[in-house]
Amino acid sequence: MLDSPKIQSAVRKAVAAVLGFMLALVLLTALLITGFYMLVTAATLSLAPLMGESAAMAVVGVSCFLILALVFYRLTRPARSLSKGASSQTGSGSPVQMVRELIRQNPLESALAAFALGIAEQGDPRLKSLLLQGGMVLMKEAEAEAEQNRQTAGETSAEGKAA
């Protein structure tokens, strides 16, 4: 299937890009963690002459805990909707409509998630059959919608000719 040198080259470049991105993400995460560690150490060392080493560690620890609690509080709060209409649409409707709306709102994230799932589950026959079944259902829905649109268009044209 991947016999063409151009396709193999493109696949190698894509894999290299993904690995480079992951490596950069790991390095940036390590730098961020090291930076936080140095900030905590600097805060402890700066407070130690004022209130003693153990009290400085306690103050810095409590402040870190409060910052962490604030972050988790913000993460667990429900998101505000952009408009009142958007919340009523997502609250009622089929799961397929909710997924479609989520994809419309986050197209890049959806494409990246689909790519990652495709790479991760490439050899899984159960996933392939599930995707084929889902695709068939969506195709049947699209055909039914098209047929319904043709019927309503035929009715309106027949009414126009009769009048």
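1. Thr44 is buried, with a relative accessible area of 12%. The cut-offs are these: buried is under 20% relative accessible area, exposed is over 50%, and partly exposed lies in between (1.4 Å probe, protein chains only). Thr44 sits in helix 1. Leaving aside residues up to four places away in sequence, Thr44 touches Ala56, Met57 and Val60. Contact here means heavy atoms within 4.5 Å.

2. Basis of the values. This is a predicted model, in which local features need pLDDT of at least 70, side-chain atom pairs count only at pLDDT 80 or more, and totals for chains, interfaces and linings use all residues. Residues are numbered from 1 along each chain as its sequence is written, and side-chain values use heavy atoms, with hydrogens and water left out.

3. Overall make-up. The protein has six helices and zero strands. From the N terminus the order is α-α-α-α-α-α. Helices (H or I, at least four residues) and strands (E, at least two) are DSSP runs, numbered from the N terminus.

4. Burial and surface. Of the 163 residues in the protein, 2% are buried. The accessible surface comes to about 14,100 Å². Carbon and sulfur atoms account for 71% of that surface. Areas come from the Shrake-Rupley method with a 1.4 Å probe; for residues, only the protein chains shown count as cover.

5. Helix 1. This helix has 47 residues. From first C-alpha to last it reaches 68 Å, close to the 69 Å expected at 1.5 Å a residue. The expected span is 1.5 Å times one less than the number of residues.

6. Nonpolar patch. Ile7, Val11, Val15, Val18, Leu19, Phe21, Met22, Leu25 and Phe115 form a nonpolar patch on the surface. Together they have about 830 Å² of accessible area. Patch members have over 30% relative accessible area and no salt bridge; nonpolar side chains (Val, Leu, Ile, Met, Phe, Trp, Tyr) are joined within 5 Å, like charges within 9 Å. Helix 1 (residues 5-51) gives the most, with eight residues. Phe115 is in helix 5 (residues 107-120). Phe115 is partly exposed, at 47% relative accessible area.

7. Salt bridges, count. There are three salt bridges. The rule asks for a side-chain nitrogen of Lys or Arg within 4 Å of a carboxyl oxygen of Asp or Glu.

8. Bridge between helices. Arg100 pairs with Glu141, with the closest N and O atoms 3.9 Å apart. Arg100 lies in helix 4 (residues 95-105) and Glu141 in helix 6 (residues 125-162), so the pair ties together parts that are 41 residues apart in sequence. Arg100 is partly exposed at 32%. Glu141 is also partly exposed, at 36%.

9. Glu101 forms a salt bridge with Arg104, at 3.2 Å between the closest N and O atoms. The two are three residues apart in helix 4, so about one helical turn separates them. Glu101 is partly exposed, at 23%, whereas Arg104 is exposed, at 55%.

10. Arg150 and Glu147 meet through their side chains at 3.0 Å, N to O. Three residues apart in helix 6, they too are separated by about one helical turn. An α-helix has 3.6 residues a turn, so residues three or four places apart point the same way. Arg150 counts as exposed at 53% relative accessibility. Glu147 counts as partly exposed at 35%.
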